[in-house]
Amino acid sequence: MASLPWERDYAAALERARSEHKFVFLDVFNPG
Amino acid sequence: MTYPQPPVVDTIVKHAIAVQIDNSKQENNQFLHGIHHIWTPDIRILHYDGFELYRFDGFLPPPEFMARSLCGFALGQLRLKRFDAAEAIYADVLRRFSTTYAAPEALYYLGVTRYRRDPNGDELLTQWANLRSRYPGSEYRVKQSFKELP
């Protein structure tokens, strides 16, 4: 089943968002 | 589960780079303190400079989650004064998710978007009249209720 291609590094996500002209979708989750 | 659903994936990937932060890991505590995190899931839609453009928390099933996320992307575009992009997303929410809790917000801000793009037009009042008609019991109807005063 498809899933989101999650970044795990916040700074990298910001940089990708800048270069790809997108927003950052940040999800703070609890694995429990 | 919401995230594995292909329409949810498509919705997020189209507009954003998705990043997850695990609040059970101590290494993330400083970051979480900085964003005043308190509950999960805690969704933030950010500009690439880190500025928070929209947020919501708590579980939502896929249709409600997609509609709420789209409203977040739309408000992000609106706050960046990208009126055409904001309008397109709000219209999409109203077309595909008109029965969701996010729909009244989309109609309210569709009016705001069109007004900000063209302050001389009458779209704000037109869309807010639609809001009164279509979602009379909504919070967003209350937000425009000052326009109903004599």
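The model is predicted, so local features need pLDDT of at least 70 and side-chain atom pairs count only at pLDDT 80 or more, while totals for chains, interfaces and linings use all residues. Residues are numbered from 1 along each chain as its sequence is written, with chains lettered from A and ligands numbered from 1 in the order in which they are written.

**Contact between the chains**
- In chain B, 31 residues are in contact with 26 residues of chain A, contact being C-beta atoms, placed from the backbone, within 7 Å.
- β1(B) gives the most to this side of chain B, with 7 residues; strands are DSSP runs of E of at least two residues and helices runs of H or I of at least four, numbered from the N terminus.

**Strand pairing**
- Strand β1 (residues 23-29) of chain A runs parallel to β1(B), joined by 7 bridges, and Asp27(A) has Gln20(B) as its bridge partner there; strands pair if DSSP finds at least two bridges between them.
- β2(B) and β3(B) are antiparallel, with 5 bridges, and form a hairpin with 5 residues between them, where Gly50(B) in the turn has a positive phi of about 90 degrees.
- Leu46(B) stands opposite Glu52(B) in β3(B).

**Around Val24(A)**
- Leaving aside neighbours within four places in sequence, Val24(A) is in contact with residues including Ala13(A), Leu14(A), Ala16(B), Leu46(B) and Tyr48(B).

Key. Two residues are in contact if their C-beta atoms, placed from the backbone, lie within 7 Å.
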